[in-house]
Amino acid sequence: MNAYEMALVQLRTAAKYLNLEDSIVEILSRPKRELQVSFPVKMDNGKVKVFTGYRVQHNDARGPFKGGIRYHPLVDINEVRALAMWMTWKTAVLNIPYGGAKGGVACNPKEMSKSELERLTRKYTMMISPIIGPYTDIPAPDVYTDPQTMAWIMDTYSQLVGYRVPAIVTGKPISLGGSAGRSTATSRGVIVAAKEAAKAFKREMEGLGIVIQGFGNVGANAAILAREFGAKVIAVSDSKGGIYNEKGLDVFEVLKHKERTGSVVNFPSAKNVTNEELLELPCDILVPAALEGQIHKGNAKNIQAKIVVEGANGPTTPEADKILFDREIMVVPDILANGGGVLVSYFEWVQNLTNLYWTENEVNDKLDNKMRDAFLQVYNIAREKCVDMRTAALILSVGRVVEAMNIAGYFP
Ligand code: NAD
């Protein structure tokens, strides 16, 4: 099942609970707009390479399209479609006035120099510029894109229109109008969601053992924050493999090790594990924070965590969802758990449009409150309807989107 097929199964499940008409499900099954672009980039060796990129706009019933841009060799239209749909649900679960979109370029950033990445980003921005804008579609970072990428997008777009447009992207460097707290926002949201989930099991975060797959923006910052919230990070991984120490890892030392060697693997005083083994380690909370489809029907029965908090988008397949639900393992779904990123993106956009800037404490307080509210709303629906947390989050979000669509009507 590819990511888009997964997203469609999830939509149909929610549609059943909401008694949606087939025509509404059909509208929501297809993105409103899809743009595929091919563009040449001059590489450092003087040769020209042609890249394929996408921008998919799923739904804007509740506000402008919003969603990140991914650079990865496996980016394809179905992945971007799924990610765009999940953005629609995510902004609706959090009740922020956005729709959902996603972009991506099939490339291997690990094999590209900084200047090649800059040229690729500027060219891709020019190619998608007709459909993005501060009031229409606002990109942000995702896998292997970062504040620097956003700075290039903002600069290119600004040069195209002839004036500075900070609100065209979020996740920018602070010096270009980025928000305090944005770089750690997704992870903070993940850990706040983990804390609320632990509370539902009548547990505090102190001493809980956490395993994190993926040690990038989301995974590494989640590890730092988990420690701050009193939990013990016992295993982490990146694309090359993982490390495990049941007594707990010194996260800052792991970060230094990764900086030195390029990976978390071979960290002294920890055992190397594969990414597959990592998911099945004994722990209280498992945070998949890498890519899609990591927890599937083949390994769901071996997951030992009591709570799974989805830092990544789409890490659990629908078959695995069923197995985990039957085993009474709570899965805090991506559209809720990793919503802290788009939440603070929204705060960044509001600050850009009003030219009034907030302190990190203000941002974090607003983030914590919104995440707690959204968690409680989803948790209450899950209990009331005896469904898993993903279905509950979809009932809430799809319901909100359909309400907006119905009130606006179907012009002409
Ligand atoms: P990133 O590029 O900063 O980090 C990705 C990490 O995953 C890296 O450590 C990489 O080594 C690791 N990885 C890649 N392939 C792997 C594999 N096969 N097995 C294990 N690890 C692997 O990306 P990120 O921004 O941290 O995004 C991670 C996930 O979180 C993605 O699913 C993304 O869509 C989602 N997400 C990100 C944000 C955000 O604000 N950055 C917001 C919401 C959701």
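# Notebook: a ligand between two domains

**Entry 1, the ligand.** I started with where the ligand sits. Domain 1 (19-166) and domain 2 (185-337) both give residues to the shell around the ligand, so the ligand lies between them. A reminder to myself before going on: this is a predicted model.

Next I looked up who the neighbours are. I found 22 residues surrounding the ligand, and the closest are Asp142, Thr186, Asn217, Val218 and Asn313.

Then I went after the backbone contacts of the ligand. A polar backbone atom of Phe215 is 2.9 Å from an oxygen atom of the ligand. For Gly216, a backbone N or O atom lies 3.1 Å from a ligand oxygen. Gly311 also has a backbone N or O atom by a ligand oxygen, at 3.3 Å. How much of the ligand does the protein bury? On its own the ligand exposes 830 Å², and the protein buries 89% of that.

Arg70 is in strand S3 (residues 65-72). Is Arg70 buried or exposed? It is buried, because its relative accessible area is 3% and buried means under 20%.

The Arg70 side chain has another polar contact, at 2.7 Å, with the side chain of Glu292. I found Glu292 in the loop between strand S10 (285-288) and strand S11 (307-309). Glu292 counts as buried too, at 17% relative accessibility.

I moved on to ring pairs. How many aromatic pairs does the structure hold? Eight. One of them is Tyr98 with Trp349, a tilted pair at 5.1 Å centre to centre and 55° between the planes. This pair links distant parts of the chain, with its members 251 residues apart. Tyr98 sits in the loop between helix H3 (77-93) and strand S4 (100-106), whereas Trp349 belongs to helix H12 (residues 340-354). Both Tyr98 and Trp349 are buried.

Trp349 turned up again in a pair with Tyr346. That pair is also tilted, with 6.4 Å between the ring centres and 40° between the planes. Tyr346 and Trp349 are three residues apart in helix H12, so about one helical turn separates them. Tyr346 is buried, like Trp349.

Ring pairs link Tyr98, Tyr346, Phe347, Trp349 and Trp358 into a cluster.

I went through the backbone angles next. Which residues does a cis peptide bond join? They are Phe411 and Pro412, and omega is about 0°. Pro412 lies in the segment after helix H14 (389-408).

I also noted positive phi values away from glycine. Asn266 is one of my examples, with phi near 70°. I placed Asn266 in the loop between helix H8 (251-261) and strand S9 (271-273). Asn266 counts as exposed, at 55% relative accessibility.

Cys386 went into my notes as well: its phi is positive, about 50°, although Cys386 is not a glycine. Where is Cys386? It is in the loop between helix H13 (360-385) and H14. Cys386 is exposed, with a relative accessible area of 61%.

The C-alpha atoms of Met330 and Glu111 are separated by 38 Å, and the two residues are 219 apart along the chain. Met330 lies in strand S12 (residues 330-332). Met330 is buried, with a relative accessible area of 12%.

Key: Residues numbered from 1 in each chain as written. Predicted model: local features only at pLDDT ≥ 70, side-chain atom pairs only at ≥ 80, totals over all residues. Heavy atoms only, no water. Near = heavy atom within 4 Å. Polar contact = N/O pair within 3.5 Å; in protein donor to acceptor, adjacent residues only side chain to side chain. Areas by Shrake-Rupley, 256 points an atom, 1.4 Å probe, with all protein chains shown as cover. Domains from an automatic or database assignment. Phe/Tyr/Trp six-rings, centres within 6.5 Å; stacked < 30°, edge-to-face > 60°. Helix = DSSP H or I, 4+ residues; strand = E, 2+ residues; numbered from the N terminus. Buried < 20%, exposed > 50% of the residue type's maximum accessible area, 1.4 Å probe, protein only.
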